[in-house]
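Please keep the sequence and the structure in view while reading.

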Amino acid sequence: MIKNFIKTAFRTLLKNKGFTAINVLGLALGLATCMLIVFYVLDELSYDKFNVNADRIYRVNNDIKFGGITNSYAVSPAPMATALLAELPEIENTVRFRDQGSFQVKKGNQNIREMRRIYADASVFSVFTLPMIAGDPKTALKDPRTVVITENTAKKYFNTTNAVGKTLTVNDSILYKVTGIIHDMPKQAHFNYDFFVSMESLADSKNVSWVSNNYVTYVLLKKGVSPQAVEAKFPGLIKNHVGSQLEAIIHLSYDAFQKTGNYFRLNLTPVTDIHLHSNRVAELGANSDVKYVYMFSAVAIFILLIACVNFMNLSTARSSNRAREVGVRKVLGSPRKFLVAQFLSESVMVTFVATAIAVFGAWALLPLFNQISGKELAFTTQTFVWLTPTLILLVIVIGCLAGSYPALFLSAFRPIDVLKGKLSSGFKGGWLRSFLVVFQFAISIFLIIGTLVIYNQLKYIQNRDLGFKRDQILVIHNVYTIGSQTKVFKEDIKKFPEVANLTLTGFLPNEGYNNNTTFFQDHSMDSKKALTTAVWAVDENYIPTLGMKVIAGRNFSKQMSTDTSAVIINESAARRLGFTDPLNKQLYYPTDNMAKNIKPVHIIGVIKDFNFKSLRENISPMVLSYGDDWGALGIKVKAVNIPSLVAKIKDRWKALAPNQQFDYSFMDDDFDADYRAEQRVGTIFITFTSLAIVIACLGLFGLAAYAAEQRTKEIGIRKVLGARVSTIVRMLSVDFLKLVLISILVAGPFGWFWAHSWLNSFAYRENVQWWVFAVAGFGAIAIAFITISFQSIKAALSNPVNSLKSE
C-alpha cells in the first residue's frame, strides 16, 4: 500500500511539473536560508562554553559614577584579585589579564608586529580550559620574562611545536623564555591571544591603588556558590579598600562620597554571557550583541514561515482540481484514511526533495555566507549529529502541515457532491489562502522596512559631521618603535609636497585610542564639581590636521612655554564645569594614583564637540593636554597619488628603521571598521529580505496561475464580448493587490516599533522617515503586480476559441 501511495504521488507530481517546481524551489530556498541562520545563531550562543568550568567562571565588572559621568568598565584595580581570594571564601581562584596592545617580535632580522599579546596571571590555566601541548600549566607563567604561546605561533617562529625552553626577542632587546605551548584558541572565545606573557613581567601588576582600573579580573566560584551571594559582599569590600584612598584624592569620606550620588560598584558577568551581553569599556575583544541573535532568529522563522505558507497555499489551491479524483476514488470504495495518506505522502515527498536540495544549497552557499557574516562555519560530523534528526522532524511536520488541509477537507466530501461539481465555487473564495497571502507579504514588507532602516542609519553614520575630518588621514602606527628617530621621521615626512599637515600622537578619534581617563577639580576642591574626563596628549598640529574647530581661545603653540601646563577642553567639559567663561581658569588633577601630588593646569581654549567614541554613546567631556605621545603619526594628505606617497613614506621608514615593521591604515577605514557589525547586519538583512521576497513571489506566481486557470472560460467569454486586455489584467490582479494593501497596513506598525527599538541603541541616529514605509509599500505592490501580471497578461492574450471550443 505504501509503495502504491509513493508511486501515485510521484505520478501526480510529475503531471503538475510547474506547481511542483515552484513548491520545491520555494521550500528549498526557505529551508536553506533557515539552516544558514541557525548555524550563525548556534555559533553565537556557543561562545566560551568550551571551558570545563564555564558555569563557575565570572568576570568582575566595575561601575563608577563620579564627576557627572557614569562609566561601565570591564576592568578593575590591580590588587582586587588578591583581596577577593583572601577575603571571600566562596571564591576558588582568580586570574587577571592586562592588554597593553601590540609588541614587536624578532624573526631573523625582521621585527613582526604582534597584536594578540596579553599579560596573564599564572592561574590562567587553572581557571580557563586552554590545554597545553608542552610545558607545565601550573608553573608556566610563575616567573618574570616567561611566555606561553599557541601552536601556530610556535610553528611561525620556531618551525616546530617543540619550543619550550627557547627564547623570543621582544622590542629588539627583551628576551622572553617560552615555557609552554597551548593549542590554538577556539574561535568561540570572547578573547583570543597568541602570546600569554607572565604578569610577573609587568611592574604595574604590583600596584596597590584601588582607584586605577586596568586589569580584567575573573573569578572561579566554588561549586554550589551563587554569584548573588558573592555580589552581596562587594559593597563592604569596596568600602574597606577604596574608602581611604578615595579620601586622600578628593578629600571626602566614602560615605559622604556616596551621599552625593556617586558610587563604585562591582558586579559579576558569567563568562558565557560576555560575548552577547557585554559592551563595556576595555573589553578584551569586540563582542557581538544578543539583539542580533534575536533578529536573525526571527528572520529565520519568518522565512521558514513564508516558505511553508507558500507550500500550504499552493497545495490547497491545487487540491480543488483533485476533487473529482477524490469522488471517483470514494465511489470505487477507497476509505477516507487512504485518501488522507495519499495527500500526505505527496506533501511529505515534496518536502523531502526540497530538504535534500536545501542541504546541498546551504553547503554550497556557506563560504559566501561566512564572507558576509565574518564567521568560519562549516559542515562537520558533529553538525550532522543534530542536523539529521532535526531535518527528518521538519520533513514530517511541514509535509503533514501542508498536506493536512487538502487531505482532511477533500476527503470529507460526499462523492455525489464532488462528481456533480458542487465544490468548484467553494474554492474561488479561499479565505484561508487570502489570510496566508496577507501573512507572508506582511512578513516580507516588515523585512523590507527593517532593511531600509538599517541602510538609512549606516548612511547617516557615514555622512554625519563628527566634529573632525577623517577623510584623507593616513595613520602610521607604532612610530615609537623607531625610538629616537621618531621626530626625525616626522620632520622628513612633513617636507613631502603631498603632505598638507601631520600630528604625532597616540590618541586618535577612533576606537582603541581613547583609553586614558582622569578627573579634574576647580580651586574649591568640591567633589560635586569634579570633572571625570578623557585626557589626550597631543601636539600643536593635532587640531588643524584633523580639521577641528576652536570656538574660544587658541590652539597650543611651540612659542608659548607655559603651554606645557595648559589644556584645551571641549564644549561638554565646559558645560560640566559650569564656567561662564572657562578661558584662563585653573583646574587641578592628581599626577599619580594615590594623589600624593596635585598639578594645576590652565584652560587656553575650547574646541567644538567631536565624536571620539562610538556613535552609540553621547559625547562626553574631553581634555587635550600639550605633550609628546609617539603612538601614531596622523598625516593629512593632499588629493594626489596616494599609493605613491605611501611608498615614499615606507621607504623613509625603512631607511631609518630597516628591521621594524611598517604598518599603516586610513582613518576613514578605521572608522568604518568600528561599525562592521552593523554593516554585516545590513548586508545579511538585504540578502535574506531579497530571498523572502523571491519566495513570496513564487507563491504569488503560482496562485496567479491557478486563478487564471480557474477562470479560463470566464476570460474567454469576456474576450468574445469585447473585453480589452487591460480590463482582464485588472480583473485578475485586483484581488491579489487588495491582499498586499492589507499586508502593508499589518506590517507598518510592527516595522515602526522595531525600527525605534533598534535605533535607540544609538545615541546619534536618523529618525524613522516616512518614505521608508512608502518605499516598502509601493515596492511590495510593484513586485506583486509584476509577478501577477505575467500570468494575467498571458491569460488575457490567450485565444478564447481554445477555452470555449468544448462548450
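## Terms and basis

A residue is called buried when its relative accessible area is under 20%, exposed when it is over 50%, and partly exposed in between (1.4 Å probe, protein chains only). Helices (H or I, at least four residues) and strands (E, at least two) are DSSP runs, numbered from the N terminus.

The model is predicted: local features need pLDDT of at least 70, side-chain atom pairs count only at pLDDT 80 or more, and totals for chains, interfaces and linings use all residues. Residues are numbered from 1 along each chain as its sequence is written, and side-chain values use heavy atoms, with hydrogens and water left out.

Strand 9 (residues 146–150) is largely enclosed by the rest of the structure, because five of its five residues are buried. In a regular strand the side chains alternate between the two faces of the sheet. In strand 9, T146, V148 and T150 point one way, while V147 and I149 point the other way.

Two strands are said to pair if DSSP finds at least two bridges between them. Strand 9 pairs with strand 11 (residues 174–182) in the parallel sense over five bridges, and T150 has I182 of strand 11 as its bridge partner.

Strand 18 (residues 531–538) is mostly covered, with eight of its eight residues buried. L531, T533, V535 and A537 point one way from this strand, and T532, A534, W536 and V538 point the other way.

Strand 17 (residues 517–520) runs antiparallel to strand 18 and is joined to it by four bridges; the bridge partner of F519 in strand 18 is T532. Strand 18 also pairs with strand 23 (residues 622–626), in the parallel sense and over five bridges. In this pairing, A537 stands opposite S625 of strand 23.

## Aromatic rings

Rings of Phe, Tyr and Trp (its six-membered ring) pair if their centres lie within 6.5 Å; planes under 30 degrees apart count as stacked, over 60 as edge-to-face and the rest as tilted. The structure holds 33 aromatic pairs. In one of them, the rings of F97 and F191 have their centres 5.1 Å apart and their planes at 55°, so the pair is tilted. F97 lies in strand 4 (residues 91–98) and F191 in the loop between strand 11 and strand 12, so the pair ties together parts that are 94 residues apart in sequence. F97 is buried, with a relative accessible area of 1%, and F191 is buried too, at 3%.

F360 and W363 also form a tilted pair, 5.8 Å centre to centre and with 40° between the planes. These two residues are three residues apart in helix 12 (residues 336–373), and so are separated by about one helical turn. Both F360 and W363 are exposed. Elsewhere, ring pairs link F97, F125, F128, F191, Y193, F196 and Y218 into a cluster.

## Charges over a ring

A charge sits over a ring if NZ of Lys or CZ of Arg is within 6 Å of the ring centre and within 35 degrees of the ring normal. R96 lies over the face of Y215, at 5.3 Å from the ring centre. R98 likewise lies over the face of Y215, at 5.3 Å from the ring centre.

## Two residues with positive phi

Most residues other than glycine have a negative phi, and most peptide bonds are trans. N171, although not a glycine, has a positive phi of about 50°. N171 is placed in the loop between strand 10 (167–170) and strand 11, and counts as partly exposed at 36% relative accessibility. D172 is found in the loop between strand 10 and strand 11. The phi of D172 is near 75°, a positive value in a residue other than glycine, and D172 counts as partly exposed at 40% relative accessibility.
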